[in-house]
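Subject: A structure to look through

Dear colleague,

I am handing over the structure that I promised to go through with you. Please open it beside this message, and then read on for what was found in it.

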Amino acid sequence: LIFSGRVVSALAGTISVYLIYCIALRFYTKKVALLSAALLAVFPLHVTCSRYVKEDILMTFFILLAVLFVVKAIQQNKIWFYVLA
């Protein structure tokens with residue numbers, strides 16, 4: 001049970017790095033997006049929370065997911081992204 005919780009936290013942390021890349025790519029250049037994803041990937045608090053069963057990394061994942069959907073909804077003017085956010 002603990003192992004499965006740690007796997008979920010690790011996956012959420014890994015996907016959070018990709019989500020921050022996607023968000024930064026919509027606002028800035030690819031270089032800035034890669035830098036922001038790399039910084040999140042090596043940030044000690046993010047790495048520590050991704051290793052243990054904690055709610056912090058899941059909250060970060062869902063906040064980043066909601067922000068990505070809001071940004072997509074504003075840029076593409078699609079109501080479906082508002083529903084997902």
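**What was found**

In the protein chain, 62% of the contacts with a separation of 6 or more are between residues 24 or more positions apart, where contact means heavy atoms within 4.5 Å. Please keep in mind that this is a predicted model, in which local features need pLDDT of at least 70 and side-chain atom pairs count only at pLDDT 80 or more, while totals for chains, interfaces and linings use all residues. Residues are numbered from 1 along each chain as its sequence is written, and side-chain values use heavy atoms, with hydrogens and water left out.

**The chain as a whole**

The protein chain holds 5 helices and 0 strands, and its elements run α-α-α-α-α from the N terminus on. Helices (H or I, at least four residues) and strands (E, at least two) are DSSP runs, numbered from the N terminus. Along its principal axes the C-alpha trace spans about 40 × 30 × 15 Å. Of the 85 residues, 29% count as buried; buried means under 20% relative accessible area, exposed over 50%, and partly exposed in between, with a 1.4 Å probe and protein chains only.

**The core**

A nonpolar core is a set of buried Ala, Val, Leu, Ile, Met, Phe, Trp, Tyr and Cys residues joined through side-chain atoms within 4.5 Å. The largest one has 13 residues, and Leu-19, Tyr-21 and Leu-68 are those that touch the most other members. Helix H1 (2-27), helix H2 (30-42) and helix H4 (55-76) each supply at least two residues of this core, with the largest share, 7 residues, coming from H1. If neighbours within four places in sequence are left aside, Tyr-21 is in contact with Lys-30, Ala-33, Leu-34 and Ala-37.

Ser-16 also lies in helix H1, and this serine counts as buried because its relative accessibility is 0%. A polar atom of its side chain lies 2.7 Å from the backbone oxygen of Ala-12. With neighbours within four places again left aside, Ser-16 is in contact with Leu-40, His-46, Ile-57, Thr-60, Phe-61 and Leu-64.

The 13 residues of H2 should span 18 Å at 1.5 Å a residue, and the C-alpha atoms at its ends are 19 Å apart, which agrees; the expected span is 1.5 Å times one less than the number of residues. Which residues of H2 are buried? They are Ala-33, Ala-37 and Leu-40, and they are on the same side of H2 because they cover an arc of only 65° around the axis. The arc is that of the directions from the helix axis to the C-beta atoms. An α-helix has 3.6 residues a turn, so residues three or four places apart point the same way. On the other side of H2, Lys-31, Leu-35, Leu-39 and Val-42 are exposed, and what covers the buried residues of H2 includes H1 and helix H3 (44-51).

In H3, the buried residues are His-46, Cys-49 and Ser-50, and their arc of only 100° around the axis puts them on the same side of H3. H1, H2 and H4 are included in what covers them. Cys-49 has a relative accessible area of 7% and is therefore buried.

**Aromatic pairs and a loop residue**

The structure holds 4 aromatic pairs, and rings of Phe, Tyr and Trp (its six-membered ring) pair if their centres lie within 6.5 Å, with planes under 30 degrees apart counted as stacked, over 60 as edge-to-face and the rest as tilted. Phe-27 and Tyr-28 form a tilted pair, at 6.5 Å centre to centre and 55° between the planes. Phe-27 is exposed, with a relative accessible area of 52%, and Tyr-28 is exposed at 56%. Phe-61 and Phe-62 form an edge-to-face pair, at 5.0 Å centre to centre and 65° between the planes, and Phe-61 counts as buried at 15% relative accessibility.

Lastly, Asn-77 is found in the loop between H4 and helix H5 (79-84). Its phi is near 55°, a positive value in a residue other than glycine, and at 66% relative accessibility Asn-77 counts as exposed.

With best wishes

Technical notes: A polar contact is a pair of N or O atoms within 3.5 Å; within protein, one must be able to donate a hydrogen and the other to accept it, and residues adjacent in sequence count only if both atoms are side-chain atoms.
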